[in-house]
Amino acid sequence: MGFKEGFLWGGATAANQVEGGIFEDGRGLANVDLMPHGSDRYAIGTGEKWIDRIDDHYFPSHQAVDFYHHYKEDIALMGEMGFKTFRLSIAWTRIFPLGDELEPNEKGLLFYENIFKECKKYGIEPLVTINHFDCPMHLIHKFGGWRNREMIDCFVKLAKVLFERYNGLVKYWLTFNEINMILHFPFVAAGLRFKEGENRTQAMITCAHHELVASALVTKLAHEINPENMIGCMLAAGSYYPETCNPEDYWKSICDDRESYMFIDVQSRGYYPNYALKWIKKRNAEIPFAENDVNILKENTVDFISFSYYSSRVSSANPDKGKQTESNIFASVVNPYLDTSDWGWQIDPLGLRITMNEIYDRYQKPLFIVENGLGAKDKIEEDGSIQDDYRIEYLKKHIQAMKDAVDEDGVDLMGYTTWGCIDLISNGTGEMEKRYGFIYVDRDNDGHGTFKRIKKKSFDWYKKVIATNGEDL
Ligand code: BG6
């Protein structure tokens with residue numbers, strides 16, 4: 001019983017949230033570089049407002065936690081914790097600075113090659129997200145981001161370069177991070193900016209369809225280049241509960257879940273489900289099918305389902321309740337049975353077991369939890385230590401719930417990577433002080449600090465969890 005042999009324990013990051021070094025070695029400008037800290041961030045992320053060039057806002061991702069220069073030290077610390085895997089993403093504009101060049105940027109390719117080689121030194125298997133919320137600005141100006149079908153070719157070209165160059169170094173790949181985020185944070189998820197008066201559902205569904213076709217083509221390519229490659233989709237998960245046993249609330253919770261599942265249904269089953277076709281039609285939108293798309297989707301489904309889980313969500317049939325907010329990109333009514341983090345994210349370990357069961361029942365493919373964790377403020381004590389017992393508590397309960405799903409319910413789980421194994425920039429708020437890591441980074445919300453790394457109490461705790469394959473929590 002317990003987690004299977006070779007279970008992939010580790011941690012997760014995304015390029016724009018850790019790397020920094022955005023002007024180094026020929027890297028081009030991306031959407032994520034124009035996401036400032038402060039009150040404009042949310043409106044920019046949702047595609048309502050925008051900035052087209054670097055101005056006097058503070059952009060935290062420009063330096064982030066300087067992983068660009070600290071990766072050796074950071075991977076050594078991950079090795080010390082006993083990581084079996086490290087999830088990271090590729091910054092598209094390091095490889096193709098504009099996105100539509102014919103030849104890739106060698107310096108960008110070398111950077112990731114060095115990272116993967118460093119991982120191998122410690123027996124760490126890289127888990128690579130090809131696209132974690134980044135889109136070259138040049139392609140946004142030229143094509144309007146993923147609205148345009150031309151994006152598919154640019155993305156497939158990127159993936160081909162990666163699969164060929166890192167063949168033998170990387171086996172586990174995710175195509176798009178949290179693909180369902182298109183409906184919530186469309187500029188971040190698809191480089192989408194809304195035009196005045198346009199049918200927004202149409203714009204978002206167009207982007208989603210292009211990403212889904214790109215994902216399928218890339219899955220095909222990965223399998224052709226090396227049949228050992230394992231490709232996953234990635235869902236921002238967290239089941240919706242009905243606020244009451246009123247059937248109207250229950251029905252709403254099913255509809256809310258479906259708005260996320262519809263994308264994964266396509267990636268895992270190979271076709272749009274009927275409810276999605278109706279959902280799109282009802283909103284006067286249509287899927288921009290091109291010849292052969294149906295076959296491309298059908299023939300190239302993913303090998304495993306990965307997802308992030310931070311919390312469950314609650315639905316109400318009352319449209320005035322549970323709106324999308326800056327601190328909670330997914331709309332939810334507050335659940336009175338749960339504790340809440342300092343950022344208003346509710347804490348529900350059993351919800352993880354529920355979510356895992358729902359996803360596994362639905363797809364019957366191996367699952368991979370690639371994000372889970374607690375964003376919290378950490379304090380350095382006088383003796384220099386960081387006593388993050390609250391983080392240990394959160395993770396302990398979630399790992400226990402995950403274990404129950406495996407042991408009691410028979411869910412097939414490949415691995416678990418906690419979010420932000422090293423402190424990083426928050427995607428939602430741009431803050432540095434919403435910390436998730438086992439490793440503290442000396443950097444604050446305004447960009448002050450030395451980038452010094454400090455192990456938190458949770459560092460040794462997680463090391464023990466990994467060493468005992470999750471037996472000693
Ligand atoms: C997920 C994203 O939505 O949640 C990450 O994949 C993000 O990029 C994480 O950082 C946590 O959210 P936040 O807003 O606390 O950074």
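I began with two helices (DSSP runs of H or I, at least four residues, numbered from the N terminus). Helix α3 (residues 67-81) packs against helix α15 (residues 457-467) at an angle of about 55°, the axes lying 8 Å apart. Axes here are lines fitted to C-alpha atoms over the stretch in contact, with angles from 0 to 180 degrees between N-to-C directions.

The model is predicted, with pLDDT of at least 70 needed for local features and 80 or more for side-chain atom pairs, while totals for chains, interfaces and linings use all residues. Residues are numbered from 1 along each chain, and side-chain values use heavy atoms, without hydrogens or water.

I listed the contact (heavy atoms within 4.5 Å): L77, E80 and M81 of α3 meet F459, Y462, K463 and I466 of α15.

Next I looked at the ligand. Around the ligand are 15 residues (a heavy atom within 4 Å); Q17, E178, N427, K434 and Y436 come nearest.

I checked polar contacts (N or O pairs within 3.5 Å). An oxygen atom of the ligand is 2.5 Å from a side-chain N or O atom of Y436. For the H132 side chain I read 2.9 Å to a ligand oxygen, and for a backbone N or O atom of G428, 2.8 Å.

Methods:
Polar contact = N/O pair within 3.5 Å; in protein donor to acceptor, adjacent residues only side chain to side chain.
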